[in-house]
Amino acid sequence: MILLLFGAPGSGKGTQSSILVEKNNFFQISTGDLLRAAIKEGTKLGRDAKAFMDKGELVPDSVVIGLVDEVLIDNLKKGKKSFIFDGFPRTVPQAQSLKEILGKHGLKADSVVFINVDSKGLIKRLTGRRVCQSCSTVYHIENSPSKISGVCDKCGGQLVLRTDDREEVILSRLNTYQAVADMLRKFYSVDGIVKEVNGDQSVETVYKSIVSSAEL
Ligand code: AMP
């Protein structure tokens, strides 16, 4: 099963991916997470990507396509069969490449799920988001704060605001997302696999909607 999950920054896409990984045995390929890991490791790819990410712009196609190909092949070899693509593809060339990459392995996208949320609440959700520098656990200063301000409950790491969660960058990311979502709806509508889910509901209800619309 190949599931493509889309949602604006702050739509709860990351949370839903984690639940799907835990409950439905998916392997998650999140290009945002892969790029942030490369930045943390200080690789050349990470350094090149950082300049784009800090501005809320898309990283060049060749960089992300290469990353995805590598991770997919690696995990197919390990026997993984179900994948969630989180935040990929984001351009037509990426969508075309994904089709080819999956095709090489006799696979295809089965469902493309959009988690739709009202954009007004998103800025508040994102500017209040704090991420642990060490273990990447996500908190929110109002909705799910850590016990001690600025300190991760799980590992004691420092909680920080992602550089691309600053308000001026968020607006650019939201605009980019809208354009990308429209383009992808068109791209995948010919296959009849596009599903829309209301993301302005409880985490549990959104999860159930994804399961039923993607027929998991
Ligand atoms: P995300 O965590 O999915 O919101 O991604 C964070 C940032 O990583 C984006 O704003 C982009 O700069 C970059 N990024 C993630 N996925 C892609 C992709 N598929 N194509 C290009 N850039 C990406």
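Leaving aside neighbours within four places in sequence, which residues is Gln-133 in contact with? In this predicted model, they are Lys-40, Gln-158 and Val-160.

## Overall form

The protein chain contains 8 helices and 8 strands. Its radius of gyration is 17 Å, close to the 17 Å that the globule rule gives for 216 residues, so the chain is as compact as a globular protein of that length. Among contacts between residues at least 6 apart in sequence, 70% join residues that are at least 24 apart.

## Surface and charge

The protein chain exposes about 11,100 Å². Carbon and sulfur atoms supply 53% of that area. The side chains include 30 positive and 26 negative ones. The centres of these two sets lie 2 Å apart.

## The loop between strands 5 and 6

Gln-133 sits in the loop between strand 5 (129-132) and strand 6 (138-140). Its relative accessibility is 45%, so Gln-133 counts as partly exposed. One of its contacts, Gln-158, is 25 residues away along the chain, and the C-alpha atoms of Gln-133 and Gln-158 are separated by 5.7 Å.

Ser-136 also belongs to the loop between strand 5 and strand 6. Although Ser-136 is not a glycine, it has a positive phi of about 70 degrees. With 47% relative accessibility, Ser-136 counts as partly exposed.

## The loop between strand 3 and helix 5

Two positions stand out for description in this part of the chain. Pro-89 lies in the loop between strand 3 and helix 5, and a cis peptide bond joins Phe-88 to Pro-89, with omega about 0 degrees.

Thr-91 lies in the loop between strand 3 (83-86) and helix 5 (92-104). Is Thr-91 buried or exposed? Thr-91 counts as buried because its relative accessibility is 16%, and the cut-off for buried is under 20%. The side chains of Thr-91 and Asp-61 are joined by a polar contact of 2.9 Å. Apart from neighbours within four places in sequence, Thr-91 is in contact with Leu-58, Asp-61 and Met-183.

## Arg-162

Arg-162 is found in the loop between strand 7 (159-160) and helix 7 (167-189). At 17% relative accessibility, Arg-162 counts as buried. A polar contact of 3.0 Å links the side chain of Arg-162 to that of Asp-164.

Which residues does Arg-162 touch, not counting those up to four places away in sequence? They are Arg-36, Arg-129, Val-131 and Arg-173.

## Asn-25

Asn-25 occupies the loop between helix 1 (13-24) and strand 2 (27-30). Its phi is positive, at about 65 degrees, although Asn-25 is not a glycine. The relative accessible area of Asn-25 is 65%, so this residue is exposed.

Definitions and conventions:
Residues are numbered from 1 along each chain as its sequence is written. This is a predicted model: local features need pLDDT of at least 70, side-chain atom pairs count only at pLDDT 80 or more; totals for chains, interfaces and linings use all residues. Side-chain values use heavy atoms; hydrogens and water are left out. Helices (H or I, at least four residues) and strands (E, at least two) are DSSP runs, numbered from the N terminus. The radius of gyration is taken over C-alpha atoms; the globule rule is 2.2 Å times the number of residues to the power 0.38. Contact means heavy atoms within 4.5 Å. Accessible areas come from the Shrake-Rupley method with a 1.4 Å probe; for residues, only the protein chains shown count as cover. Lys and Arg count as positive and Asp and Glu as negative; His and the chain ends are not counted. The place of a charge is taken as NZ of Lys, CZ of Arg, CG of Asp or CD of Glu. Buried means under 20% relative accessible area, exposed over 50%, partly exposed in between (1.4 Å probe, protein chains only). A polar contact is a pair of N or O atoms within 3.5 Å; within protein, one must be able to donate a hydrogen and the other to accept it, and residues adjacent in sequence count only if both atoms are side-chain atoms.
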